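Here's a quick briefing to read alongside the model. Have the viewer open and follow along topic by topic.

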Amino acid sequence: MRNFEKWGFNSLAVHGRYHPKCGPVNPPVERSSTYVFKSCEDGAKRFASGNKEGIYSRLFNLNCYELETKIADLEGGYGGIATSSGMAAVEAVYFTFLNPGSHVVATGSIYGPSRSILEKSAFYHKWGVRTTFLDTSDVDEVRKALQTPNTKLLFVETPANPTLSITDIAAVAETAANAHIPLVVDNTFCSPYLQKPLALGADIVVHSMTKCIGGHSNAVGGVIITKTQGDYHLLRDNVINRGAVLSPDNADLFNTGVKTLGLRMERMQENAMALARYLANNADVSWVMYPGLEDHPRYDFVMSGRQMKGPGGMITFGVKGGYESAKRLLNGLNLTTLAVSLGGVESLIQHPASMTHAVVSEDQRIAAGITNDLVRFSAGIEDIEDLVEDFDNAFKKL
Ligand SMILES: Cc1ncc(COP(=O)(O)O)c(C=O)c1O
């Protein structure tokens, strides 16, 4: 008898609830869009039962189910809903909780498209949704912004993207609960290995699984984890009916990737810590933002372990000379991969103002702290000596 409730993170990440008594160790990829009914009556019974298993793959697929259950267990939630991308997860949350005329309060430096769909799409133009973007690390400001009667959602990304500003989840959860609105946390940067927002009072967690959970930059997908059964059914129906489900093949890749999540996060964090110290001592670098460095504004909070198990694998830093020097640095790197995304086994580097956050206007970018000299680095699992040598060589070319 498997007692998964008592297992530690890594045991759960490897095994989940999949329990083969014989046959394949990994669930076979179930690549069928539809399922045979034993009889006409059997088909009618399945539709009437409310149990979506064995009908049609958009409604239920074994590989997605294994993944959803595992991630929900890792996050400590009621259930998980796998989606075709991280953006599909974010959009499903907006779509489910917002009405025409709703007001949202959100972290200013959330992922660019998570922000731009609130400012530029039908949410804004057709349904009149309005959003207050602010630095959610300031709980008093959050409290004030939630005073509007139409406020329906508090959406927080922490650490924020790419500023690495840290919001106290427990504090804003209390504020959201007092205002009777759901708190949604984008936990992509940390993964459930480093941070469990539901345990701190959040109602819903979203991830781009494309990042740390998958870990190998080989699949795009997202997941929503809810605390309650009610939210789970609301969001699941929404994702199924709007067709934003994950494919079985990508679910299989994520099921494989997530098994090593704990090991990868530890190694990425170790590399990030060493590289942050190296950058902090580099004459061509004007500033470094890494929650594991003593001068990060929330260093004590992060290192206390109250919210995060560690400072994570993401670093942002400013290159002296602004965009021109940043470009030369990024073009001069060899081992470190010049690409957007994050959380992969390979170290990735990008320039948010001209790449991930180019959709946000310059004024709003600067207000959110995304300056033109800012470079974002996602630590991979390479040998740290090779990463440092790569940066040394690239800095020499500035
Ligand atoms: C924090 C965060 N949330 C959401 C997303 C969107 O995820 P996806 O690219 O899987 O749609 C990203 C993508 O970079 C992200 O960094």
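Which residues in the largest nonpolar core touch the most other members? They are Leu 154, Leu 183, Met 209, Leu 246 and Leu 261, out of 52 residues in that core. Keep in mind that this is a predicted model.

- On the domain 1 side, 44 residues take part in the contact, and domain 2 puts in 40 residues.

- As a bit of background, nonpolar side chains in soluble globular proteins tend to be buried together.
- Back to the 52 residues of the largest nonpolar core: helix 3 (residues 62-75) is the top contributor, giving five residues.
- This core lies between the domains, because domain 1 (4-259) and domain 2 (261-396) both give residues to it.
- Met 209 is worth a click: setting aside neighbours within four places in sequence, its contacts are Leu 67, Ala 82, Gly 214, Gly 221, Gly 222, Val 223, Leu 246 and Phe 254.
- There's also a second, separate core of 27 residues, with Tyr 94, Leu 118, Val 206 and Ile 224 among them.

**Helix 11**
- Helix 11 runs over residues 248-257, and its buried residues are Pro 248, Ala 251, Phe 254, Asn 255 and Gly 257.
- Those buried residues pack against helix 3 and helix 12 (261-280).
- Phe 254, one of the buried residues of helix 11, is also on the contact list of Met 209.

**Largest pocket**
- Helix 3 has the largest share of the lining, with seven residues.
- Sorted by class, the lining comes out as 12 nonpolar, nine polar and eight charged residues.

**Second largest pocket**
- The second largest pocket holds about 310 Å³ of space.
- Of its 22 lining residues, Met 87, Tyr 111, Thr 188, Ser 208 and Lys 211 lie nearest the centre.
- Two elements give two or more residues to this lining, helix 4 (86-97) and strand 6 (204-208).
- Its lining has eight nonpolar, 10 polar and four charged residues.
- Domain 1 (4-259) and domain 2 (261-396) each supply at least three residues to the lining of this pocket.

**Cavity**
- There is one cavity of 30 Å³ or more in the structure, and the largest cavity has about 50 Å³ of space.
- Its lining is made of Pro 159, Leu 164, Phe 189, Cys 190, Pro 291, Met 308, Pro 311, Gly 312, Gly 313 and Met 314.
- By class, that gives eight nonpolar, two polar and no charged residues.
- Both domain 1 (4-259) and domain 2 (261-396) give residues to the lining, so this cavity lies between them.

**Arg 143**
- Arg 143 belongs to helix 7 (residues 139-145).
- Its relative accessibility is 40%, so Arg 143 counts as partly exposed.
- Along the chain, Arg 143 and Phe 377 are 234 residues apart, and their C-alpha atoms are separated by 32 Å.

Technical notes: Residues are numbered from 1 along each chain as its sequence is written. This is a predicted model: local features need pLDDT of at least 70, side-chain atom pairs count only at pLDDT 80 or more; totals for chains, interfaces and linings use all residues. Side-chain values use heavy atoms; hydrogens and water are left out. A nonpolar core is a set of buried Ala, Val, Leu, Ile, Met, Phe, Trp, Tyr and Cys residues joined through side-chain atoms within 4.5 Å. Buried means under 20% relative accessible area, exposed over 50%, partly exposed in between (1.4 Å probe, protein chains only). Helices (H or I, at least four residues) and strands (E, at least two) are DSSP runs, numbered from the N terminus. Domain bounds come from an automatic or database domain assignment. Contact means heavy atoms within 4.5 Å. Ala, Val, Leu, Ile, Met, Phe, Trp, Tyr, Cys and Pro count as nonpolar, Asp, Glu, Lys and Arg as charged, and the others, Gly among them, as polar. On a 1 Å grid over the protein atoms alone, a cavity is a set of points where a 1.4 Å probe fits but cannot get out, and a pocket is an open set with protein on both sides within 12 Å along at least five of seven lines; lining residues have an atom within 4 Å of a point. Grid points are joined across faces, edges and corners, and a volume is the space filled by probe spheres set on the points.
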